[in-house]
Each structure stands twice: as structure tokens, then as C-alpha cells.
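Morning, everyone. Please have the sequence and the structure in view. I'll keep this short.

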Amino acid sequence: LVGPNQIARWTGSAWTVDVDYRGKWYDVDTQREVSVWDAGEPQPTNTTNVPPPANEPNWKFTGAVWERTLEVAKQEKAKEIWDAFDSAKQLPYAYNGHTYDISDVFVLLLLAGTELASGTGMVMVYDTSHEVLALTKPDAELLTAEVYAASLSLTINRENKLKLIDEATDIPTVDGISW
């Protein structure tokens, strides 16, 4: 009578019981498949025969099942927030009948600051259609202030969300955080 992961073998004079871990095993740290081809080979160390979930490379094996841990949920949500922040920076910003890429906010700030500091009273900027615009000093200052405020708002929102993620103590709380 043999049990799980055992095999009976005839030695020529008697029956013996040997280990039998033939088949697919999965490393619990890397999720890589490890195969055992011959009876008598031990189970590979740090493995399970429970297949990891497809397309979930960060899930952890808890001893019985693969699951999404709080750490993994936080990493996924932080990436989601960063991606949303990066997308929001690409949205056009409308001002005085023209649109500007908010992702260019620091270029606009640099241009406006340099031009205004030179005392010319006019700032040359490009809008999203690459039209050169000559803005008066007050308009340039207002555009710069508004674009800077929009950029700052996005950054503050991102940092607040990342802080909420960091402080969360359970997966439902993390999953509830959105951009």
C-alpha cells in the first residue's frame, strides 16, 4: 500500500516504497515551472504543485493557494496612479482660445520666466498646433500661473493618492483608491 507521492518498486527480491514527485512543480518565489521526470527524485525545494494564476507574476503562494497580497495590491495601485498622472499631464490645457500641452508646463515656465525677466514684455510660445503666439507680459504671467497651478494640482493629487496607498491596511481599501 502506497500513499500520495509514493511508488512501489520491485527490487528483484522485495517490494520497496520510493518517493514519486514526477510532474510539474512551480517555484513559489519565481513561479517558474520545474519538472521532475523520474520516480525517486525528491520534490524540488521551495515548490508547489498548485499552478500559479496566468498573467499574475506578482502573486504570492500562501502555503495552499496563490493570492494577491496587500503588498502586491499596493504596487499595482501605485502603478495605476502613476499611469493616470502621466496621462493627465498629456491632456491639453485651454487658455485664451488656444490649447497647450500641460506636459510642457515646465518648458512654458522656463520660456516665460526667461522672456519676462529680459524685460521685453512679450513672450513667444507654441500652442498644440505649433502656432507661434506672442503673449503680452500679463497674459504670459497668467498662462504660466494657470498651467503651473494645474500641474501642481496634478502632482498634489498624485502624492495624496500614493500616501493613501502607503497607509492602507487591507486590499479593499487599496482597490477603492482611484485617480
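Contact here means heavy atoms within 4.5 Å. Keep in mind that this is a predicted model.

Let's start with Val 174. Where does Val 174 sit? Its place is in helix H4, residues 171–176. Buried or exposed? Val 174 has a relative accessible area of 0%. The cut-off for buried is under 20%, so Val 174 is buried.

What does Val 174 touch, leaving aside neighbours within four places in sequence? Leu 70, Ala 73, Lys 74, Lys 77 and Ala 168 are in contact with Val 174. Now look at Glu 71. Val 174 and Glu 71 are 103 residues apart along the chain. Their C-alpha atoms are separated by 10.0 Å.

Next, Asp 166. This residue is found in helix H3. Asp 166 and Gln 75 lie 91 residues apart along the chain. From C-alpha to C-alpha, the separation is 9.4 Å.

Last, the largest nonpolar core. How many residues make up this core? Nine in all. Which elements supply at least two residues each? Strand S8, 92–95, strand S11, 132–136, and helix H3, 137–167. H3 gives the most, with four residues. Asp 166 is found in that helix, too.

That's my tour. Over to you.

Conventions. Residues numbered from 1 in each chain as written. Predicted model: local features only at pLDDT ≥ 70, side-chain atom pairs only at ≥ 80, totals over all residues. Heavy atoms only, no water. Core = buried A, V, L, I, M, F, W, Y, C linked by side-chain atoms within 4.5 Å. Buried < 20%, exposed > 50% of the residue type's maximum accessible area, 1.4 Å probe, protein only.
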